[in-house]
Structure formats: C-alpha cells, structure tokens
Amino acid sequence: MDFGPYLLLASLEGAVGAAVLALTALGLSLVFGVMRIVNVAHGEFYMLGAVIAWWVTSMVGGHPALGFVAAMVVSPLIVGIAAAAAERLVLRRLDYDPEATIVATIGLLYVIQQLALSTYGADARPVAAPIDFRVQFPWFGYSGYKLCVIGASAVMMLAVWLVLTHTRVGLMMRATQHDPETARAFAIPVDRVYAGVFAIGAMLAALGAVLIVPIQQAHYLMGHDPLLLSFIVVIIGGLGSLRGTVLAAVIIGMSDGIISVFFSPTLAKILATLLVAFVLVWRPAGLFGARPA
Amino acid sequence: MTAMLKVEGLDAFYGKVQVLHGLSLEVDRGEILCLLGRNGAGKTTALKAIMGLVPPRAGAVMLDGVDISLLPPEDIAKEGIGYVPQGRRLFAELTVAENLEIGLMVRGAPRRARGRVLERVLDLFPVLAERLHQRSGTLSGGEQQMLAIGRALCLEPAVLMLDEPTEGLMPAMIQRIREVVLAMRAEGVAVLLVEQRVEAVLPVADRVLFVENGRSRDCVAASDLGEDHALLHRYVGVGA
C-alpha cells in the first residue's frame with residue numbers, strides 16, 4: 001500500500017481512538033472542573049461500562065444490534081448509579097478534600113477492578129458489532145461500525161455541550177464550578193449537583209467503553225490506558241475547559257493512532273507523556289485553561 | 001406585628017474559633033438596619049450565618065415568625081432572602097443574563113412571572129440590559145456591583161442583605177446604589193446593610209447596630225448618631 005492510503009488508514013484509526021478518548025476525557029474533565037476532584041477510578045468506570053455491555057449483550061438474544069442498544073442504555077445507567085453511590089458513601093464524607101479523594105479513588109479503583117476480576121473473570125470477551133458493513137475505499141475496505149463510533153461520539157459530546165450551555169441543570173453546574181458557596185446562597189443544591197456530575201462523568205466513560213467494546217474486547221484491566229490518556233488530555237487541554245479537552249483529545253487520539261500504525265503504540269504513549277511534560281513547563285494551565293490571575 | 005427578620009442569640013464558629021457570641025438583631029419591613037463595626041467584628045459572618053453558609057451552633061433566625069436556622073443552606077434563599085456578598089462574588093465566567101437567571105431560578109416562579117421580575121430589575125439598572133450577553137467578569141466594578149444587587153433582587157426578596165456594597169466604587173455609583181436601596185425600602189423590603197465606613201451609612205440607615213467581637217452592642221437611630229460621637233469613636237474608631 002502506498003504512503004497516502006496508509007496515512008488515511010492510520011488517520012481513521014486515530015479518529016476512532018480520538019472519538020472514544022474525547023468522550024472518556026470529557027467525563028474526567030467535568031468531574032475535575034466542577035468538583036475539583038481527581039478521579040483516579042475513572043478508568044475503572046470505563047472498564048465497568050465495557051464489562052456490563054458484554055453481560056447485557058450476552059443476555060439479550062436475537063440480532064446483535066438489539067443487545068447493543070440495550071447495553072447503550074443499561075451499562076451507563078448502572079455505572080452512573082454505582083458512581084453516585086460512591087460519591088455519597090465516600091467522597092462526600094471526605095468533604096471533597098483534594099488529597100483525601102485521590103487516595104479514596106485509588107482505593108475505589110482496586111475495589112472495582114477486583115470485583116470485576118472475581119465475578120467477570122480474567123478473560124477478554126468480545127461483543128458483536130451492532131452493524132456489519134464495510135465502507136470500500138479504492139485502496140482498502142474499512143469497518144462501517146468504526147465510522148459510526150466517530151459520529152456517535154460527536155453527537156454525545158454535542159449533547160453534553162448543549163446541556164451545559166442551554167439548560168438550567170447546566171447553568172447550576174457551571175455556577176457550582178465557579179463558586180459553590182455563592183451558588184448555595186442562591187438555592188442551588190450543590191450536594192446534588194456534585195452527585196449528578198460525578199455520575200455523569202462516569203457515565204460518559206461507560207458510553208465510551210460501550211462504543212469501543214465491539215472493536216476491543218472487554219477485560220478487567222482495560223481501564224489503565226484510557227485513564228492515563230484521559231489525564232494527559234485533561235492536562236493538555238486545560239483543567240475545566242471542555243473545549244480544550246475535546247481539542248486535546250483529537251490531538252492525542254489522532255497522534256496515538258497514527259504513531260501506533262506507523263511505529264509502535266509504546267512510542268505513541270512516550271510522545272504523549274513527553275508532550276504533557278512540555279505543556280506543564282511552558283503552559284502550566286494547559287492550552288485553554290484559565291491562567292491564575 | 002413581628003419583625004420581618006429577627007436574629008436571636010446566634011453563635012457561629014470557623015473551625016474551633018468562635019466568631020459570633022449570641023448576636024441578636026431585628027429588621028422590620030421597610031426599614032434599613034446597618035451593622036457597623038471594625039474589621040473582623042463578625043459582620044460578614046453574621047450575614048453568612050443567616051444564609052446558613054456558616055451554620056449557626058446556637059440561636060434562632062426568624063423570618064416572618066418562622067425559624068429558618070435549621071434549613072439546609074440551599075433552601076434559605078427560597079424563603080426570600082436576597083444576599084449580596086462582600087466582593088460581589090459574581091459567577092465571573094457566566095454572562096450577565098446567566099447571573100440574573102440564577103437569581104430568577106431561586107423561587108421557581110413560572111416563566112411569565114420571571115420575565116416581569118427581570119424587566120423590573122433591568123429598569124433599576126438599565127446598564128445591565130445593554131450588556132446581557134457579556135461575560136460578567138468583564139464588567140466595570142460598579143456594573144458588577146449592580147449585577148450582584150440585581151441578581152439578589154431577581155428572587156423578589158422580603159429581606160435584602162448587602163455586605164459592603166459601596167466598597168471601592170466611584171461616588172456616582174455609590175449614589176445609584178443608595179437610590180436602589182432606598183427604593184427597596186419604600187417597597188417594604190427589610191434591608192440589612194453591612195458597612196465599615198460611617199459616611200456610607202448615615203445617609204441611608206434608619207437604625208445602626210454596633211457589632212464588636214461578635215456581639216451586638218448598642219442599637220441607635222441613625223438620626224441620633226450625628227450628635228453622639230462617643231459611640232462611633234468607641235466601636236469604629238472615628239472621631240468624626
């Protein structure tokens with residue numbers, strides 16, 4: 001294959017990775033932005049989403065699309081409820097202390113991971129793609145499902161943006177982000193906003209996982225890479241900046257895909273981590289983060 | 001008739017440090033009570049304790065005869081207390097319209113009623129109407145203060161609490177804010193005003209309550225204060 005088509009293939013792979021990464025990182029960014037909490041267990045919510053998706057699709061018979069649609073609904077729902085429970089039972093009792101919540105979410109990471117290992121097992125299990133068609137380019141055929149993943153992710157991110165900017169709930173979330181005390185003085189139920197944001201953040205990770213699971217198999221250790229890459233994206237994009245998060249996800253996801261195809265996945269991770277180091281040196285607040293006054 | 005806002009024996013702490021020691025005050029409908037005292041006397045904490053932001057450990061906050069001191073903080077504003085915090089505390093990244101919307105959401109009034117309230121607030125502060133879609137952090141200091149007051153008025157408060165609203169503003173702005181506060185009094189709103197500077201208080205206040213070390217001390221009519229320099233000297237340290 002010539003270089004041009006090869007690059008196109010690599011870019012498509014990169015775009016799929018970027019789409020899922022953007023969704024996952026958006027969840028992490030939202031939680032960090034509004035609650036000022038570093039959620040180390042974010043990758044495990046992603047893994048949980050994939051495992052539940054496998055479980056749901058294997059329970060629902062008939063056409064694969066049926067099971068997949070059910071997984072799209074059930075998996076984020078269960079993950080959201082689990083996250084809200086964790087918020088109530090753990091984070092809230094720590095009073096959202098920045099350091100304590102890091103340690104607590106590390107604990108949560110292992111609890112979820114080991115629960116998955118002891119119930120789901122150590123196997124990697126595939127989920128059938130809901131649609132099965134190939135888009136034929138002049139040089140190669142490409143999975144139609146993968147192209148749909150890019151579209152679905154874009155639609156969901158648009159939905160998050162619309163909720164944040166055009167609804168009352170979104171206004172409450174943004175007000176809480178800027179000044180929780182004053183938000184409380186204006187009757188905004190900050191506690192419920194926190195629980196909701198933590199649940200939504202986890203649900204975005206779960207949605208990303210459901211989209212990826214027909215491409216990558218569900219496995220109890222699959223949360224590591226998304227966590228690392230999400231952190232990289234959130235740091236490069238600027239803490240709390242959704243626009244920066246999406247843009248950084250595209251940069252990191254695309255370069256991860258392209259470098260993985262041409263060279264090796266390890267080199268891709270090395271370069272991404274190096275990029276974080278440089279961003280932290282020259283623009284500590286990230287590309288789009290507000291600079292401290 | 002009971003007072004609109006009656007605070008009795010309020011104790012409040014920051015961690016282990018007691019800031020309020022049995023503070024009491026009373027504001028009637030259509031009255032402006034000013035809390036006057038030195039820096040750190042507990043004036044701001046008194047307002048925060050009324051809002052539930054610093055939960056009072058003892059005492060009662062009676063709003064129109066109902067004790068609201070046990071309500072969760074996010075329910076207190078709904079009872080009709082509009083709060084203009086010290087330093088304005090706008091949601092700086094949000095637009096002017098969004099800041100006002102947050103005030104309008106408090107009472108959960110129907111859409112049409114909210115439109116009417118918003119119109120009234122914009123009549124009081126026409127400059128805000130021109131800047132509805134501007135980020136509030138980019139407004140001038142005076143405009144920000146107007147927005148902070150406008151946001152509180154959007155919940156149609158029965159009690160309006162302002163914490164040093166004229167701090168650092170130009171005389172023309174101070175005059176405008178004074179007029180709005182007097183207009184609220186004329187409509188029967190109970191106004192609780194915190195100030196440090198005597199000259200900002202005397203033209204508007206009906207009564208002045210001196211606060212010292214978290215305790216309420218003498219309470220006098222503002223008109224009597226002109227002659228009685230001893231009180232001012234004792235509590236604020238001005239010989240005026």
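Colleague: Helices are DSSP runs of H or I with at least four residues, strands are runs of E with at least two, and both are numbered from the N terminus. With that settled, where does B:Arg197 lie?

Modeller: This is a predicted model. In it, B:Arg197 is in the loop between strand S8 (190-195) and helix H8 (198-201) of chain B.

Colleague: Why is B:Arg197 classed as partly exposed?

Modeller: Because 13 other C-beta atoms lie within 10 Å of B:Arg197. A residue is exposed at 12 or fewer and buried at 20 or more, so a count in between makes it partly exposed.

Colleague: How many residues apart along the chain are B:Arg197 and B:Glu167?

Modeller: They are 30 residues apart along the chain, and 9.0 Å separates their C-alpha atoms.

Colleague: On to the sheets. What is the strand order in the open sheet of 6 strands in chain B?

Modeller: The order is S6-S7-S8-S3-S9-S10, with mixed pairing. Strand S6 (81-84) and strand S10 (215-221) of chain B are the edge strands, and each of them pairs on one side only. From one strand to the next, the twist averages 20°.

Colleague: Do S6(B) and S7(B) pair in the parallel or the antiparallel sense?

Modeller: Parallel, over 4 bridges, where strand S7 of chain B covers residues 159-163. In S7(B), B:Val159 is the bridge partner of B:Ile81.

Colleague: What does H1(B) touch when it packs on that sheet?

Modeller: H1(B) touches strand S3 (32-36), S6, S7, S8 and strand S9 (207-212) of chain B, and its direction makes about 145° with that of S7(B). Helix H7 (residues 171-186) of chain B lies across S3, S7 and S8 of chain B and runs at about 150° to S8(B).

Colleague: And the sheet of 4 strands in chain B, in what order do they come?

Modeller: S2-S1-S4-S5, again an open sheet, with antiparallel pairing. Strand S2 (17-27) and strand S5 (66-67) of chain B each have a single partner strand, so one side of each has no neighbour in the sheet.

Colleague: Over how many bridges do S4(B) and S5(B) pair?

Modeller: Over 2 bridges, in the antiparallel sense, with S4(B) made of residues 58-63. B:Leu63 has B:Val66 of S5(B) as its bridge partner.

Colleague: Which helix lies across S1, S2 and S4 of chain B?

Modeller: Helix H1 (residues 43-51) of chain B, which runs at about 75° to S2(B).

Colleague: Switching to chain A. At what angle do the axes of H2(A) and H9(A) cross?

Modeller: At roughly 135°, and the axes come within 8 Å; helix H2 of chain A is residues 42-59 and helix H9 of chain A is residues 224-237. The two helices are therefore oblique to each other. The crossing is right-handed.

Colleague: Which residues make the contact?

Modeller: A:His42, A:Gly43 and A:Tyr46 from H2(A), and A:His224, A:Pro226, A:Leu227 and A:Ser230 from H9(A). By type, 3 are nonpolar, 4 are polar and none is charged.

Colleague: Last topic, the two chains. How many residues of chain B are in contact with chain A?

Modeller: 20 residues of chain B are in contact with 15 residues of chain A. Helix H2 (73-76) and helix H3 (96-105) of chain B each supply at least two residues of that side of chain B. H3(B) gives the most, with 5 residues.

Colleague: How do the residues of the side of chain B that touches chain A divide into nonpolar, polar and charged?

Modeller: There are 12 nonpolar, 1 polar and 7 charged residues on that side.

How values were computed:
Residues are numbered from 1 along each chain as its sequence is written. Chains are lettered from A and ligands numbered from 1 in the order in which they are written. This is a predicted model: local features need pLDDT of at least 70, side-chain atom pairs count only at pLDDT 80 or more; totals for chains, interfaces and linings use all residues. Two strands pair if DSSP finds at least two bridges between them. Two residues are in contact if their C-beta atoms, placed from the backbone, lie within 7 Å. Axes are lines fitted to C-alpha atoms, for helices over the stretch in contact, and angles run from 0 to 180 degrees between N-to-C directions. Angles under 35 degrees count as roughly parallel, over 145 as roughly antiparallel, 65 to 115 as roughly perpendicular and the rest as oblique. A crossing is left-handed if the near helix is turned anticlockwise from the far one by less than a right angle, and right-handed if clockwise. Ala, Val, Leu, Ile, Met, Phe, Trp, Tyr, Cys and Pro count as nonpolar, Asp, Glu, Lys and Arg as charged, and the others, Gly among them, as polar.
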